[in-house]
Amino acid sequence: MFDLALKIALLGASLSMVGFLYRLIKGPSVPDRVVALDAIGINLIAFVALASIVMDTGAYLEAILLLGILSFIGTVAFAKFLEKGEIIEDDRNR
Amino acid sequence: MSLLHMAVLAPFLLALIVPTLYKQFRQIHTGWFVLILPILLFTYFLRFIPLTKQGDVITERADWIPSLGIHVDFYVDGLGLLFALLITGIGSLVVLYSVFYLSKEKERLNQFYVFLLLFMGAMLGVVLSDNLIVLYSFWEFTSLSSFLLIGYWNERERSRYGAQKSLLITVLGGLSLLGGIILLSIMGNTFSIRELIAQSGQLMDHTLFTPALLLVLLGAFTKSAQFPFHIWLPDAMEAPTPVSAYLHSATMVKAGIYLVARLSPVFAESGLWLWLVSITGLITLLWGSFSAIKQTDLKAILAFSTISQLGLIMSLLGLGAAALHYDSIGENLYVAATVAAVFHLINHATFKGSLFMVAGIIDHETGTRDIKKLGGLMQVMPITFTIAVIGAFSMAGLPPFNGFLSKEMFLASMVNVLELNIFNMDTWGVLFPVIAWVASVFTFIYSMIVVLKPFTGKFQANLLDRKPHEAPIGMLVSPIILALLVIVFGIFPNLLSATIIEPAVTGIQPSLAADDFHIHIAFWHGLTPELFMTIGIIAVGFVLYLSLPKWQKSLQSLPERLSLNVLYDNGLRGLERSSASLMKRLMTGSLRTYLLSIFLFFILSLGFTIYWKDAFTLDTKHFAPIGFYELIVAGIIVAAAIAILFAKSRLTSIIILGAVGYAISLFFVLLRAPDLALTQLVIETISVSLFLLCFFHLPLLASRKEERMSFRLNNALVSIGVGVIVTLIALSAHSNKLFDSISSYYLENAYKEAGGKNVVNVILVDFRGLDTMFEITVLSIAALGIFAMIKLRLTRGKDPS
């Protein structure tokens, strides 16, 4: 029963990733794509977590944490790039 | 090191100290110091005559590279001695002549004598070496020093052209000679000429025999200016006249003759050798004597005459090879051809040397060598005229000079061809005496031109740059000695026959030496066909010479079109042009083209190998079952990768590339590689941000439009091809696993040996830590490089910002 639940959850995660991928490719504007990428990152967290349950291992927990951080940083960087045109400002005398 | 070695090396050693002598003793002409050496060497070589006369051979060995069988073996037999005497004897005379010819004040004498001595030593080395590799080394040394001597007046364009031309042609021959030598050494398993001669019977049947023969002959023909490689010799006349007299009449151009004579015992059994040598010689003889008539420059006439006389000697050597096809020496007519060749070789060196010196004297005293401007010098320069008469009459083959004798012997050998009943000679052989006779008529005509045009007729002082007068006595000594030799050898030819010619002929045809043979050169040998031929030559030649103005004009227009120089010049230019255009077409400077060819090569070579070796195999035995999730992730990666190709904006491509990277990290998760997944995630994030950085800094040009990548069919084909090939190879490689992997060792020993539970990390820092160290190095270099590229702005001028 638990096994079946896991499989259904993984299938759901995969399908949602396909959906986000569609948005990533199609997405009319760049922010659409960035949000899709961010969501793919979150989706990956779920996917990795489910996969590690399936594989019965704790080896991927770091990957989950890292994905959380990275997708946050990545999205912030994209957002800043889209807003200001650069990511790290070197002009200190504002 | 023996005395013989010292004798060959002495010119090189003297060449080392010539510049010092030149600097220290500026008031004495450097040539006087140089003169001592060839005279010493000449007397040294004279001492060998009694030995070689008895058929003895002197050999001396010094090791050079013994492990490769390369020894500096020098040996003196009749043939080598003949050449050594020519080189040192005429060398002495030429040095003496050059002392008076070259001005102490105006010329760079140190260079001249260094080059000349290098040449002399190299030439001695060529004729005395027994080891073929040593012979080849000296051979190239003669090419090089001849190049330097022809280009002696290197500020003249024609000199540089002549030097380059002669170097290209003689080195072409030299390299093919090297090929022939290597083939010979493969066949005979030795570099020694004598050992090769000893096993010449077996060599005939070897498959490499014909290629070796052709390569060696190519080397000999280019050096000896045989048709069609004769074109460098007339252009080499830009050299100072002593050089022309020495190199381009008496010595270097006879190196090819020497080679043919020396290797005759190895090759002469073959009919190909006989035909090639004799027919090339005859063509050269005819063409050279024909071309000589239309020249107006004295040295050019002499150059073409040298070509034709070399052809004569070569054809005689070719016919001499026929002697090997007859058993007994008694009725063997063809030994006479070899005798004639050797005799004419000596005669040619004497009269041509003196004629060149005469041409040099005329040039020196009048300022021109053009026979149209010269005339009536007989009264002004009586001694020079006498020498010229002797030399030219000998060249034409008139009695009582030595040229008459060798010309008679030449004609006799050519007539004897008719009696040759091998190689179908009875049908085509009739051409031999005909060609020889016609060429002799031409020879008579240009000999008369050489002697009569400058010295007889009207004296036109206004055409000349200087007021002509008789040459200084020092300049006349050498040609006088040579002219005296012409007469002495003409009247007493048997001075030479036992001492020099017999041992030399034995050297050329050692298999015949077993029989006793003696040569007797008789002045009057009865009413033979060749005597009538000579009378015919003189009669026809005289008539033609008298009517020369009538037909010379038509001659002038004819050979210009047939000139091989046009072929050479156009060939050289065409070679340069075609290689330039090839480079222009291949090296476009566009990276796209280079990548296309790299990938094409990749596809073709690997694809051909797979097809040729029938290497593609598909074995599904080792395949793991494909899971559902892997399929989905793979589908995501494929979809994203294809989407990159069709992305409209670059930003979209970067984002989709990031998605591919993340999906790959998901693969690592699915395939149980947590460390890889971690690293892949981080690296992907960083590289995507770097891409964004690059994207941001792209210049905002009007021409750069955000649009989809344009489609090119060949790019698509090549990329699909690369993908297919890599896939095929990966599948085949996976299907052909020959042995199990070593990973079980790591799994068992990671904790036991290294004390770590993370096998990947243990491998990275413990089992195979060295790789990691250098990857750290790579990263540091990359970081430093980026820092340097950003900070260092070495562009000239201002800050590019």
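Modeller: Of the 801 residues in chain B, 52% are buried, where buried means under 20% relative accessible area, exposed over 50% and partly exposed in between (1.4 Å probe, protein chains only). This is a predicted model: local features need pLDDT of at least 70, side-chain atom pairs count only at pLDDT 80 or more, and totals for chains, interfaces and linings use all residues. Residues are numbered from 1 along each chain as its sequence is written, chains are lettered from A and ligands numbered from 1 in the order in which they are written, and side-chain values use heavy atoms, without hydrogens and water.

Chain B is more spread out than a compact globule, because its radius of gyration is 38 Å, well over the 28 Å that the globule rule gives for 801 residues. That radius is taken over C-alpha atoms, and the rule is 2.2 Å times the number of residues to the power 0.38. The C-alpha trace of chain B extends over about 115 × 65 × 55 Å along its principal axes.

In chain B, 80% of the contacts between residues at least 6 apart in sequence join residues at least 24 apart. The accessible surface of chain B is about 37900 Å², and carbon and sulfur atoms hold 68% of that area; the areas come from the Shrake-Rupley method with a 1.4 Å probe, and for residues only the protein chains shown count as cover. As for charge, chain B carries 52 positive and 48 negative side chains, with 15 Å between the centres of the two sets. Here Lys and Arg count as positive and Asp and Glu as negative, while His and the chain ends are not counted; each charge is placed at NZ of Lys, CZ of Arg, CG of Asp or CD of Glu.

Now to single residues. B:L177 sits in helix α7, which covers residues 157-188 of chain B. This leucine is buried, because its relative accessible area is 1%. Setting aside neighbours within four places in sequence, the contacts of B:L177 are B:Y136, B:W139, B:L215, B:V216, B:G219 and B:L259. B:L476 is another matter: 299 residues separate it from B:L177 in sequence, and the two C-alpha atoms are 39 Å apart in space.

Although B:N189 is not a glycine, it has a positive phi of about 60 degrees. B:N189 counts as exposed, because its relative accessibility is 70%.

The loop between α10 (209-223) and α11 (232-235) of chain B has two details to look at. B:A225 lies in this loop and has a phi near 55 degrees, again a positive value in a residue other than glycine. B:A225 is buried, because its relative accessible area is 0%.

The annotation "domain: MrpA C-terminal/MbhD" covers residues 636-699 of chain B. In the model that span is 88% helix and 0% strand, and its end C-alpha atoms lie 33 Å apart. The feature "domain: MrpA C-terminal/MbhE" is placed by UniProt at residues 712-791 of chain B. Residues 712-791 of chain B are 84% helix and 0% strand, with 39 Å between the end C-alpha atoms.

For context, the model also holds chain A, which has three helices and zero strands. Buried residues are 39% of the 94 residues in chain A. According to UniProt (unreviewed entry), chain A has the feature "transmembrane region" at residues 6-25, 34-54 and 60-82. Residues 6-25 of chain A are 100% helix and 0% strand, with end C-alpha atoms 28 Å apart; residues 34-54 of chain A are also 100% helix and 0% strand, with 30 Å between the end C-alpha atoms.

Key. UniProt positions are given in the numbering used here, feature names are shortened, and annotations may be inferred rather than shown by experiment. Helices (H or I, at least four residues) and strands (E, at least two) are DSSP runs, numbered from the N terminus. Contact means heavy atoms within 4.5 Å.
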